[in-house]
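Subject: Model for your files, with notes

Hello,

Please find the structure below. My notes on it follow.

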Amino acid sequence: MAGAILELRDVSRHFGGLKAVNGVSLSIEEGTITSLVGPNGAGKTTVFNLITGILPLSSGDIRFDGRSIAGLPPYAIARRGLGRTFQDPRIFYEMSVIDHVVAGFSLRGENPLAAILRGPRMRHETRAARDSALRMLDEVGLRRRAHEKAQDLSFGEQRFLSILRTLAGDPRIVLLDEPTVGLDRDSVHDLTRLVQRMAREQKKTVLLVEHNLDVIFDVSDQVHLLVGGSIALSGEPSEIKRHPRMIEAYLGARYAALRP
Amino acid sequence: MILGQYLINGIASGAIYALLAVGFAMIYNTTKMLHIAHAVVYTGGAYVYYTCAILLGMGLWFAMPFAIAGATLLGLSIEVGIYRPIRRLGGGTNSILIASLGTISLLQGVYAVLFTTDTRTLRQGPLPAFIVGGDSITSLHVAVLAVVAVTFPLLQLFLRRSRIGIAIRALADNPALAEVHGMDTRRLYAIIMMIGSALAGAAAILVSLDLGVKPDMGFDAVFTSVVAVVVGGVGYLPGALLGAFMLALLQQLAVWQLNSAWQNGVVFGTLVIFLILRPQGVFGGRMASRRA
Amino acid sequence: MDYFVNLLSQVCIYVIQVATLDLLVGYTGIFSFGHAAFIGIGAYTTALLLTKLHLGFGAVLLGSMLAPMALAFAVGLPTLRLSGDYFVLGTIGLTNVTASILTNWVAVTNGPFGIYGIPDISLFGWKVVTPGQFLAVTIVVTAVVLLVKHLLISAPFGLTLQAIREDETVTVMMGKNVARMRAIAFAIAGAGAGLSGLLTAYNLRFIDPTLFDLQLVIFAWAALFVGGCASIVGNILGPLILVGFPEALRFIGLQGGAVAHVREILYGGLLIVMTIFRPQGIAGNYRIR
């Protein structure tokens with residue numbers, strides 16, 4: 001489909017006899033927010049692992065900006081502009097908050113020679129990165145904790161930090177794996193607004209795996225229901241919100257039968 | 001036939017490595033600790049044997065159970081005195097590895113201070129031997145094989161039939177679940193260490209009768225045994241046996257065709273080949289499924 | 001007084017060894033027990049280039065760093081991919097085998113007899129003859145190494161290494177080529193270790209394989225641990241304490257051949273005690289788990 005920034009074409013992943021992901025095809029438009037929902041074990045995180053290259057495809061293809069990324073090493077896929085967070089914030093415990101964000105940038109100073117020689121461009125770039133990092137931290141209210149160790153943050157703060165770390169790399173697509181888990185209501189609200197800003201203001205494409213249906217229906221442009229490794233249902237939130245298959249997936253067949 | 005002698009030597013040293021390898025593998029599979037200090041537990045067993053047999057005059061036979069007891073106690077002390085406190089204070093397997101390294105240095109130094117670096121011998125003169133087709137099979141060769149032939153089936157029986165043995169295998173398979181099921185992991189760790197150390201003690205007796213005792217005798221032997229575990233496949237105990245014999249024969253091949261200096265190189269070369277081409281070892285991968 | 005000056009030079013050499021090991025362990029999370037191999041290669045390259053090929057200081061300087069770097073790349077690229085325990089095993093094997101080759105390849109290394117007659121440092125006509133002059137050179141080299149280390153770790157390069165140490169998968173997801181970075185860190189540390197080998201060769205005027213075995217690795221780890229990881233101050237404190245303590249004992253009367261073994265006991269004991277009670281060392285910024 002034209003304009004699609006990410007395309008999954010008949011993607012499958014087998015583990016022995018088990019088909020964790022079975023013939024999944026989807027197409028994601030740039031700048032949209034797409035949600036992947038479904039019961040536990042449906043294969044949602046596996047899809048993420050396939051897109052990011054952590055798991056190899058058993059069959060099918062994945063295209064980013066029209067070019068196939070299947071088989072590329074994960075770091076190469078990430079470099080093309082694909083960022084990803086994990087269900088667990090997985091922060092760097094021993095590093096300071098601001099260092100997390102700075103580490104996310106792609107900088108000249110990562111080259112050992114540049115680090116030793118410290119030319120004016122390297123120094124300028126590094127300083128600019130630190131300033132950007134502080135600004136990003138400010139936007140989520142973490143600026144005053146910039147020099148604390150990440151392990152001293154609350155769980156919710158760590159969650160936001162892990163997202164900032166990913167955003168620092170300026171990815172074009174951001175994959176967020178269950179970002180609202182463990183967050184209180186205010187933080188969920190903040191996260192929702194952050195996701196919306198990513199898409200509307202920064203023109204990023206967001207792919208979410210989520211269980212929190214309120215968030216999903218609030219924020220998504222498209223929703224895909226994944227059940228048993230296949231897509232059971234796709235559509236806009238308003239269309240599928242009340243769809244019997246959706247209700248069945250989350251509440252079971254009895255409830256689905258109850259709905260007219 | 002000269003080849004025959006190398007074969008015999010290879011099988012005998014393979015049996016020694018097997019005793020060490022299986023002990024080490026048991027400990028590693030269940031506790032995930034890279035207990036490289038196994039080397040100085042082994043050496044400690046040899047020194048206890050020497051002390052009891054020669055210095056205290058018990059003689060070669062009566063001293064044997066003391067040697068095994070000594071090694072067992074030493075291994076247990078390391079577990080209880082060093083590894084357990086590390087775990088209790090939040091350390092993980094990396095910290096334990098470093099402490100294990102330190103233990104090697106500590107005990108080798110102690111042995112050197114107590115006994116000097118000279119090799120202590122336990123007997124003089126040639127061993128009684130059969131001569132078969134020009135090759136000599138000594139009583140020690142026979143003893144080593146006999147020990148292995150007896151201990152391994154016993155060990156397997158223990159692991160499969162006894163309650164503790166089954167608990168040990170459960171621990172190797174799934175430590176979190178084992179803990180939840182109320183198994184006392186501390187006690188199991190202690191028992192595992194004792195069994196592994198006892199096997200090392202047995203190996204120490206056999207080797208010291210042949211080559212004597214010196215402070216650094218443990219390291220090469222245990223390193224070779226660890227490579228044997230890798231070769232056989234981590235997680236599969238009989239694989240360690242196979243790896244041990246394979247390496248021993250390879251070493252004898254090197255001695256025969258090159259010279260004895262290459263023994264270490266052969267072991268390291270095998271390690272490198274396996275790590276690069278087949279890190280799961282011969283029997284590793286799905287088949288192993290983490291049996292203790 | 002000469003004795004004390006020589007001791008200080010030795011401490012500086014150890015500081016280089018510990019600081020380079022720290023780059024691997026404390027910053028990148030690479031548990032290398034192979035440091036002795038790189039130090040030994042550096043020392044032997046130095047000794048051979050000087051005694052057999054009669055090359056000058058510049059060539060020797062280069063050689064002592066390039067040879068271990070080449071080894072680090074050759075060995076590092078395949079082994080760094082391995083999971084932790086296997087990598088540890090591989091590096092222990094590396095130390096063993098290097099010591100073995102140095103001992104047995106008699107044609108090149110003169111085997112267990114070692115290499116004698118290493119001349120003084122000769123730089124642009126200046127000869128470094130007295131222990132005091134050698135100490136001056138050594139301090140300068142050590143300072144340069146520490147400076148380079150500081151520049152590396154305070155730059156984004158250092159941040160990426162720490163990220164790798166903390167969580168490799170996440171760092172990959174950040175678009176970093178983790179495998180390459182680890183190989184680079186390994187090679188840089190190897191080059192630094194080789195430099196300490198060069199200084200060792202010039203310092204002792206004579207080297208043999210027993211200088212570069214697992215005992216050296218254990219010493220370096222003990223010094224690293226006592227001083228503390230990820231800390232330049234720690235890198236300096238560790239060797240100072242580990243060398244100073246036995247010297248103090250010697251002062252109060254401990255004599256003879258037992259001293260070497262008492263050192264082994266001391267280093268091993270310190271390593272054990274530090275891992276149990278104070279894994280971050282005296283001045284460390286990172287605690288090994």
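Asp170(A) counts as partly exposed because 15 C-beta neighbours lie inside 10 Å; a residue is called buried with 20 or more other C-beta atoms within 10 Å of its own, exposed with 12 or fewer, and partly exposed in between, the C-beta atoms being placed from the backbone. This is a predicted model, in which local features need pLDDT of at least 70 and side-chain atom pairs count only at pLDDT 80 or more, while totals for chains, interfaces and linings use all residues. Residues are numbered from 1 along each chain as its sequence is written, and chains are lettered from A and ligands numbered from 1 in the order in which they are written.

Chain A, two loops

Asp170(A) sits in the loop between α6 (155-168) and β7 (173-177) of chain A. Helices (H or I, at least four residues) and strands (E, at least two) are DSSP runs, numbered from the N terminus. The phi of Asp170(A) is positive, near 50 degrees, and the residue is not a glycine. Lys203(A), also not a glycine, has a positive phi of about 60 degrees. The loop that holds Lys203(A) runs between α7 (185-200) and β8 (205-209) of chain A. Lys203(A) is exposed, since 10 other C-beta atoms lie within 10 Å.

Chain A, helix α7

The 16 residues of α7(A) should span 22 Å at 1.5 Å a residue, and the end C-alpha atoms are 22 Å apart, which agrees. The expected span is 1.5 Å times one less than the number of residues in the helix. Which residues of α7(A) are buried? They are Leu191(A), Val195(A), Met198(A) and Ala199(A). These cover an arc of only 90 degrees around the axis, so they are on the same side of α7(A); the arc is that of the directions from the helix axis to the C-beta atoms. Among the elements that cover the buried residues of α7(A) are β3 (33-37), β7, β8 and α8 (213-219) of chain A. On the face turned away from the buried side, α7(A) carries the exposed residues Arg185(A), Asp186(A), Arg193(A), Arg197(A) and Arg200(A).

Chain B, Met194

Met194(B) is in helix α8 (residues 185-211) of chain B. It is partly exposed, because it has 17 C-beta neighbours inside 10 Å. Leaving aside neighbours within four places in sequence, Met194(B) is in contact with Thr72(B), Gly75(B) and Leu76(B); contact means that the C-beta atoms of two residues, placed from the backbone, lie within 7 Å. Phe66(B) is 128 residues from Met194(B) in sequence and 14 Å from it in space, C-alpha to C-alpha.

Chains B and C

The contact between these chains takes 34 residues from chain B and 34 residues from chain C. On the side of chain B that touches chain C, α3 (59-88), α4 (93-115), α9 (217-232) and α11 (263-277) each supply at least two residues. The most comes from α4(B), with 16 residues.

Chain C

Chain C has 12 helices and 2 strands, in the order α-α-α-α-α-β-β-α-α-α-α-α-α-α along the sequence. Of its 289 residues, 59% are buried. Among contacts in chain C between residues at least 6 apart in sequence, 78% join residues at least 24 apart. The C-alpha atoms of chain C fill a box of roughly 55 × 45 × 35 Å along the principal axes.

Regards
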